[in-house]
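Please consult the sequence and the structure while reading.

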Amino acid sequence: MHPSRTALIVLASATLVSVLHAQYGLTERLFVSAGRIEMQLGAGSYTIRPASDTHIRVIIGDGSPRARVALTANATRATVAVTETPSTNFQATIEVPKTSDLIVRLSGGNLVLSGITGNKDIDSVAGNAEISIGDPGEYASMEATVKAGDLNVGAFTGAKTEDSFGLLHRASWSGKGKYTLKANLGAGNLVLRK
């Protein structure tokens, strides 16, 4: 075989492996503690939890061969995008440094977030979200809204709550900490727990 054809085949094979790595199983990048991570997540069920080190890891569950992950990290900012998720049974786990500021945009599905210290800005079109906040004393403010569904902010004792004819539920709270929590859910159930 001609040497240039061999080089082309090797290059094509390396490119294929790189694309598969972004589609299946595990995608990870080294990142700093206390950085800001923005996530754009396609529909599915996600668990966001602390990593045992300073990496961001996205672990795609079995049965989702078409799902794609794009992960970038530089200095103190990172982005995670999960796209082309299947319409049913998609599951992923995202690990981030224990202290991280999170901005999460979920197009629909379920979210469980726990063990992360930092600012949180969560927005989901529909589904259920359960956010474990840790110590409420670490927060300066909390704002939560559910347009249609249930809102439980029991972790923030004394939070001000209001609803409009049983549909739009809002809650707010102020404290002496340094972090902020904003959570907005279009339809579904939102729970803020310790």
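## I59 and its surroundings

Apart from residues up to four places away in sequence, I59 touches G25, L26, Q91, A92, T93 and E95. The model in which these contacts are found is a predicted one. I59 is located in strand β4, which covers residues 55–60.

## E95 in strand β7

E95, one of the residues touched by I59, belongs to strand β7, which consists of residues 91–96. With a relative accessible area of 12%, E95 falls under the limit of 20% and is therefore buried.

Which residues does E95 touch, if those up to four places away in sequence are not counted? They are R49, P50, A51, H55, I56, R57 and I59. With R49 there is also a polar contact between the side chains, at 2.8 Å.

## T85 in a loop

T85 is placed in the loop that lies between β6 (77–83) and β7. Its relative accessibility is 19%, and T85 therefore counts as buried, since the limit is under 20%.

The side chain of T85 reaches the backbone oxygen of A43 at a distance of 2.8 Å. A43 is also among the residues that T85 touches, beyond those up to four places away in sequence; the others are G42, Y46, A67 and F90.

## S174 in strand β13

Strand β13 comprises residues 168–174, and S174 is part of this strand. S174 counts as exposed because its relative accessibility of 64% is over 50%.

When residues up to four places away in sequence are left aside, S174 touches A140 and S141. S174 and G158 are 16 residues apart along the chain, and their C-alpha atoms are separated by 9.4 Å.

## The largest nonpolar core

How many residues form the largest nonpolar core? There are 45, and those touching the most other members are M39, M142 and F156. Strand β14 (residues 179–193) provides the largest share of this core, namely six residues.

M142 has contacts with V153, F156, A159, A171, S172, W173, L181 and L192, not counting residues up to four places away in sequence.

## The cavity

One cavity of 30 Å³ or more is counted in the model, and the volume of the largest cavity is about 30 Å³.

The residues lining the largest cavity are I122, S124, A129, I131, A183, N184, L185 and L190. Two elements, β10 (120–132) and β14, each give two or more residues to this lining. By class, six of the lining residues are nonpolar and two are polar, while no charged residues occur.

## The chain as a whole

The protein chain contains one helix and 14 strands. Of its 194 residues, 37% count as buried.

Among contacts in the chain with a separation of 6 or more, 68% are between residues 24 or more positions apart.

Definitions and conventions. Residues numbered from 1 in each chain as written. Predicted model: local features only at pLDDT ≥ 70, side-chain atom pairs only at ≥ 80, totals over all residues. Heavy atoms only, no water. Helix = DSSP H or I, 4+ residues; strand = E, 2+ residues; numbered from the N terminus. Buried < 20%, exposed > 50% of the residue type's maximum accessible area, 1.4 Å probe, protein only. Polar contact = N/O pair within 3.5 Å; in protein donor to acceptor, adjacent residues only side chain to side chain. Contact = heavy atoms within 4.5 Å. Core = buried A, V, L, I, M, F, W, Y, C linked by side-chain atoms within 4.5 Å. 1 Å grid on protein atoms, 1.4 Å probe; cavity = no way out; pocket = protein on both sides within 12 Å on 5 of 7 lines; lining within 4 Å. Points joined across faces, edges and corners; volume = space filled by probe spheres on them. Nonpolar A, V, L, I, M, F, W, Y, C, P; charged D, E, K, R; others polar.
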